[in-house]
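Dear colleague,

Please find below the structure that I am handing over to you, followed by an account of what was found in it.

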Amino acid sequence: QVQLMESGGGSVQTGGSLRLSCTVTGYINDRIVAWFRQAPGNEREGLAAISTHIGKKEYADSVKGRFTISQDNDKTTIYVEMTNLKPGDTAMYYCAASRIFFTGSWLSQTAYEYWGQGTQVTVSS
């Protein structure tokens, strides 16, 4: 079983940057790890995903060019570097993992069975 814990959330002004971390325990080889966010009244949105085995990445159009997903060498921590933040980025950010390498889009909520508790990101104008 995989456990995930997010950290690094906080408050930042418009145009600022934050780096979120997702610490993963358990077997993560050949897994897909992704970042999602959900604001009140909105559906959960997939933002970025990475294959822990090959390092392939996928980004949502809404954050492409601003968010960068990465992992450390032993693949125990997955990061998302968020730049040029906007008030619309305010949300609870979640880390998710799938123990199955699947094809197609990696940004669908239903594809992931492991979830962290989330970390709040607030962007003020």
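The link between Cys22 and Cys95 is left-handed, with an angle of -80° about the S-S bond. Please bear in mind that this is a predicted model. A disulfide is a covalent bond between the sulfur atoms of two cysteines. In this case the sulfur atoms of Cys22 and Cys95 lie 2.0 Å apart, and a search of the whole structure finds one disulfide. The bond links distant parts of the chain, for Cys22 belongs to strand E3 and Cys95 to strand E9, 73 residues apart. Is Cys22 buried or exposed? Cys22 has a relative accessibility of 0% and therefore counts as buried. Cys95 is likewise buried, with a relative accessible area of 0%.

Strands of a sheet pair through backbone hydrogen bonds, either parallel or antiparallel. One example to locate is Ser7, whose bridge partner in E3 is Ser21.

Strand E11 (residues 119–124) deserves a separate look. In a regular strand the side chains alternate between the two faces of the sheet. Strand E2 (residues 10–13) runs parallel to E11 and is joined to E11 by four bridges. Strand E9 runs antiparallel to E11, and three bridges join these two strands. Which residue of E11 is the bridge partner of Gly10? The partner is Val121, and Val121 is also the bridge partner of Ala91.

The next topic is charged side chains. The count comes to four salt bridges. Among them is the bridge between Arg37 and Glu45, at 3.0 Å from N to O. Arg37 counts as buried because its relative accessibility is 8%, under the cut-off of 20%. Glu45, by contrast, has a relative accessible area of 26% and is partly exposed. Arg37 also meets Asp89 in a salt bridge of 2.7 Å, N to O. This second pair links distant parts of the chain: Arg37 lies in strand E4 (residues 32–38), while Asp89 lies in the loop between strand E8 (77–82) and strand E9 (91–98), 52 residues apart.

Asp89 forms a salt bridge with Arg66 too, at 2.8 Å from N to O. Arg66 lies in the loop between strand E6 (57–59) and strand E7 (67–71) and Asp89 in the loop between E8 and E9, so this pair ties together parts that are 23 residues apart in sequence. Arg66 is buried at 11% relative accessibility, and Asp89 is buried at 2%. Through shared partners, the salt bridges join Arg37, Glu45, Arg66 and Asp89 into one network.

Phe36 is in strand E4 and Trp115 in strand E10 (residues 114–115), and the two are 79 residues apart. Phe36 is buried, with a relative accessible area of 0%, whereas Trp115 is partly exposed at 24% relative accessibility. The rings of Tyr112 and Trp115 have their centres 6.4 Å apart and their planes at 75°, so this pair is edge-to-face. Tyr112 itself counts as buried, at 6% relative accessibility. Phe36, Tyr94, Phe102, Tyr112 and Trp115 form one aromatic cluster.

Finally, I would draw your attention to Ser51, which is found in strand E5 (residues 45–51). Ser51 has a relative accessibility of 0% and thus counts as buried. Leaving aside its neighbours within four places in sequence, Ser51 is in contact with Arg31, Ile32, Lys56, Gln71, Phe101 and Trp106.

With kind regards

How values were computed. Residues are numbered from 1 along each chain as its sequence is written. This is a predicted model: local features need pLDDT of at least 70, side-chain atom pairs count only at pLDDT 80 or more; totals for chains, interfaces and linings use all residues. Side-chain values use heavy atoms; hydrogens and water are left out. Buried means under 20% relative accessible area, exposed over 50%, partly exposed in between (1.4 Å probe, protein chains only). Contact means heavy atoms within 4.5 Å. Two strands pair if DSSP finds at least two bridges between them. A disulfide is a pair of cysteine sulfur atoms within 2.5 Å. Rings of Phe, Tyr and Trp (its six-membered ring) pair if their centres lie within 6.5 Å; planes under 30 degrees apart count as stacked, over 60 as edge-to-face and the rest as tilted.
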